[in-house]
Amino acid sequence: MITAQQTQASGWPDLDASAYVNWWKQAEYRTDAGGPCDADLGSALNFAKVRAFAKKATAGSGSEKTASVAAAEQTPRRTVPLWPIALPPVAPSPGDPAQQIVLTPILDAEFGQPLAAPTCRPAAVMVVIDKHINPLHEQFRDEEARPRILAQWLMEGAWRADTRVPFGREVRQDDFHRAADLPTEDAGLRDLGVANLVEAFASRGAMLTSAHGTSVLALAAGTDPEDRSPEAAALRTVPILAVSLPSNRLLSASGVFLDVFVDLALEWVDARLTELFGNAPPPVVVNLSYGLAAGPKDGTGDLNERLRGWLQACPQVRLFMPAGNDGLARGHAVLDMAQGKSSIGWFVPPSDPLSTFAEVWFSHAGPDCRLHLCPPGQDEALSLPMVPGAVFDLVAGSGGAAETIGRVYILPGESTFKKIGCLVCIAPTGPRRIGFARAPAGIWEISVSGTGDLRAAVSLQSERSLTPYSRESPAARLVRLTDAGARPQRDGTLNAIGPGTGAVMVNGLDLAAVRQIGADTETWPPPGEEAEMPTAFAALARWTSRGDPLGFPPTADGVPFHADRSRTLSGLLAPGYRSGTTATVEGTSFSTALASRAALLALIQPGFSAPRED
Amino acid sequence: MAEYGKSGKSGKSGKSGKSGKSGKSGQTDHAGGELSAHLSWALALARDGILGVWNGRADTDRPYDPLPGLDYLTPALRADLIDQELVSALSVRPGADVARVHLATGAPLVTLHRPSAAQFARQMPALRCYAELREDRLPEILEQTDDILSFFAMVTHLDESQRKWTLELLEAVVRLCIAVEMPLKHGFRAPRPHAYSHRVQPVIQTPAHAAYPSGHATEAYAVATVLGLLSGDPAAVAMLRRLAHRIAENRTVAGVHFPHDSLAGAILGITLGEWVVAAAQRLPAPPHRVVGPFDLEPVDLTLDNGTTKRIDFDPADSFSAEGVAALTSNAAPPANGDVAPEPAGHPILAEFWQKAQLEWRHAAP
């Protein structure tokens, strides 16, 4: 019998801004003896460093400088503060290893030489924020076959004392030129530190055949060396800035840690653009083929606010992001009391060594709003009030045999997530370390109740980053929603970053179904633009995300782009992880790259118009 | 090295294999059928029916001569001859800490120092990192367990019709490597990675024999060296070396070898390959090469563009393609460069080499 018991969550919400982080500390990365994790476990330490860095940003003193653009002293900056990291400062606790790190600001010109601007001002700049980017790839060369990447921040690179980034390593054009002269691409990547096969927690994703970022960048701005078309020649003049995000073990598959790294990545991009081009950079296309599955999908959230501010302050920047609608069919549903749909099943697979999560967001808050959670095999549901800040442990057994197998956080209104909602965390159902309980597998029933026109959006994610010692657990199972009352739906987006910010949300065009996945078909194409609007491509300079940012349920009627080669062949062909290789890639990440490419061409080739799809 | 592989005891050209003594093309088979008592009885009956009277005299005092050279033999018998010639030309002096391979003249060819247990243990983090490539490389790892020649055939065409002699020569080179590396492994008795941690968990069966030097590295680099010298194409040489490195590296990915094993195997293999080609042409032997002690000093490598890159060996990951190239560079004058070839030469090997070379001639312009 599983019961819910109200409890205090140590460290939340004061120290851990995210309930995911709090659960992660409680449930994951525990030693075999059941105690808290050893700080030597790279993920925990690295993440603690990053969080501490972000929190210290507004509390710098002495010789430390903050990471805030607005606080920089010596280098002339924009007057508009673009990237303040507005998390409350935290008093250092004794013995906290995160306090021992030396923080190097991203922007400080005293640390190392600034980047040298290209001799000719480019017509546009390509920025890619992704993982596993091979900067020496033949697709990213100019007319003289030299690398076009001006600088790359390897967030997992080995840190050097003279580096200009707070963690990882910044690699610059002269490094690329030197590495490009080495006999093989592998030797060059090792020389740069992009491929490190020695240190446990280092960058080596570029050694894997599934190089997400390489394929994305190649689709967005790559050119075949043998391609002599005017389009290719124009693309070869476009310089590139790249940020290599950490691997999944730091991001976590749900992306719950992604926002900090994306935040810092965009600050780095902004700083480098300023360094290269002053306060008037050329048009910039930013491709961020990543999503944050955790959090509300309606454009609220701190990162979205900052994105909105940045894009408004910098009209020359165009940001492209994926709608992430591949997983919608199994992980997203709307409960609508008015329609009589008030419950849905949540399948939690057996033998899963990882936690699973469900977010339930309510359309409005009220004193009688309640979440009902019925564990597998149990007749009686647990009924939880939506009291902001409350935490409920899900406990199996009683007395001395009681074990916590889950937790429900009721998210307070003034935290990162603005709406009233809750996060249901279920412990792993598979073999776990000593001292930790196993949650029951099966169908957990989620339902809501309340007065008024109550609706609730349910979305799922499973934690797939597991331990620091595996790239990604092949044992991870996918959770899904079942048709029990409400129906999972593919409308909308699974990406909490982007909607309503002014970024272009790119959907995957499902050629097989000849329809647009993720689009609100009732308003597609937009009124008055039917004649101009091609079914597959769009004049991207005119488009931004159009979904109602505060609407309910969230929508992502952005721009559709190809996700498949044909009606029978799924996926796209893209350059692979090494020069001369080809990969089949799937998902809106790559549709986004195609959209970025169209935007880039529109910017650098006057009169460019994307082809129509009949 | 693959006990059950193509060149192994039970392999294609092994004793029980297709071209082995008992195989389909073995010398005990008849021209049109397999050996059997029934066939022999039938032959005897037929002879009785056609022979007539024979007084036992010879019909000619000039018996016909089978095909010249080695062509009259089956591949298995040719293999026996060349194996005997190659193995008897070298002597292996194993040791627990230092081992040498000598020429028949007594001059040293390769000296290997054994890394200490601590030096091996220092490479465990690298094994942990390389293990992340297992899923990616698993198809290669599995195939290369007992077949590396197919991978070399991908780069430079190899088959049993157009490049028959090349293939036989390469198979002989592989067998030579096995004959040399096994006593070395036995002498050093260096434990495999799984002996240092139960978390290595290799994705293939760890062989029974010891780790150092790596048999796959030795054989792959030897094959790459001989093939490269046969082809005479610098671009092919670079690609073959790159392939040899990958084959060797895959053993570390699989969890059955340390980088030190592959480095030693690479140097050994290159030297053996060069020796085979030199001996075949009665040229001076390659320079004496020394691997270790394993505080490896930095060496300089001259790149194609004429610049020099300093190769600093990482104690955690000593095996890099550039490091091997730097260690085997002939930029420095060879110590054994003036060792004269043996007077008797190696006629079997010479014939293999000469016939293999003919398979690489290019069409007249």
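This is a predicted model: local features need pLDDT of at least 70, side-chain atom pairs count only at pLDDT 80 or more; totals for chains, interfaces and linings use all residues.
Trainee: Why is Arg189(B) called exposed?
Mentor: Its relative accessibility is 60%. Exposed means over 50%. Arg189(B) therefore counts as exposed.

Trainee: Where is Arg189(B) in chain B?
Mentor: In a loop. That loop runs between α7 (164-188) and α8 (215-231) of chain B.

Trainee: What is Arg189(B) in contact with, leaving aside its neighbours within four places in sequence?
Mentor: Arg114(B) and Ala210(B). Contact means heavy atoms within 4.5 Å.

Trainee: How far apart are Arg189(B) and Phe151(B)?
Mentor: In sequence, 38 residues. In space, 29 Å from C-alpha to C-alpha.

Trainee: Why is Trp54(B) called exposed?
Mentor: Its relative accessible area is 51%. The cut-off is over 50%. So Trp54(B) is exposed. Trp54(B) is found in the loop between α1 (37-50) and α2 (75-89) of chain B.

Trainee: Which residues make a nonpolar surface patch with Trp54(B)?
Mentor: Ile50(B) and Leu51(B). With Trp54(B), they make a patch of about 370 Å². Nonpolar side chains are joined within 5 Å.

Trainee: How much of chain A counts as buried?
Mentor: Of its 614 residues, 59%. Chain A has 11 helices and 23 strands.

Trainee: Which residues have the most contacts inside the largest nonpolar core?
Mentor: Leu371(A), Val408(A) and Tyr409(A). That core has 90 residues. Helix α8 (residues 258-277) of chain A gives the most to this core, with 12 residues.

Trainee: How do you know that this core lies between domain 1 and domain 2 of chain A?
Mentor: Both domains give residues to this core, so it lies between them. Domain 1 is 125-320 + 493-604, and domain 2 is 329-482.

Trainee: Which residues is Leu371(A) in contact with, leaving aside its neighbours within four places in sequence?
Mentor: Among them are Val360(A), Phe362(A), Leu382(A), Val408(A) and Ile446(A).

Trainee: How many residues are in the second, separate core?
Mentor: It has 85 residues, including Val110(B), Val180(B), Phe188(B) and Ala326(B).

Terms used: Residues are numbered from 1 along each chain as its sequence is written. Chains are lettered from A and ligands numbered from 1 in the order in which they are written. Side-chain values use heavy atoms; hydrogens and water are left out. Helices (H or I, at least four residues) and strands (E, at least two) are DSSP runs, numbered from the N terminus. Buried means under 20% relative accessible area, exposed over 50%, partly exposed in between (1.4 Å probe, protein chains only). Patches are made of residues with over 30% relative accessible area and no salt bridge: like charges are joined within 9 Å, nonpolar side chains (Val, Leu, Ile, Met, Phe, Trp, Tyr) within 5 Å. Accessible areas come from the Shrake-Rupley method with a 1.4 Å probe; for residues, only the protein chains shown count as cover. A salt bridge is a side-chain nitrogen of Lys or Arg within 4 Å of a carboxyl oxygen of Asp or Glu. A nonpolar core is a set of buried Ala, Val, Leu, Ile, Met, Phe, Trp, Tyr and Cys residues joined through side-chain atoms within 4.5 Å. Domain bounds come from an automatic or database domain assignment.
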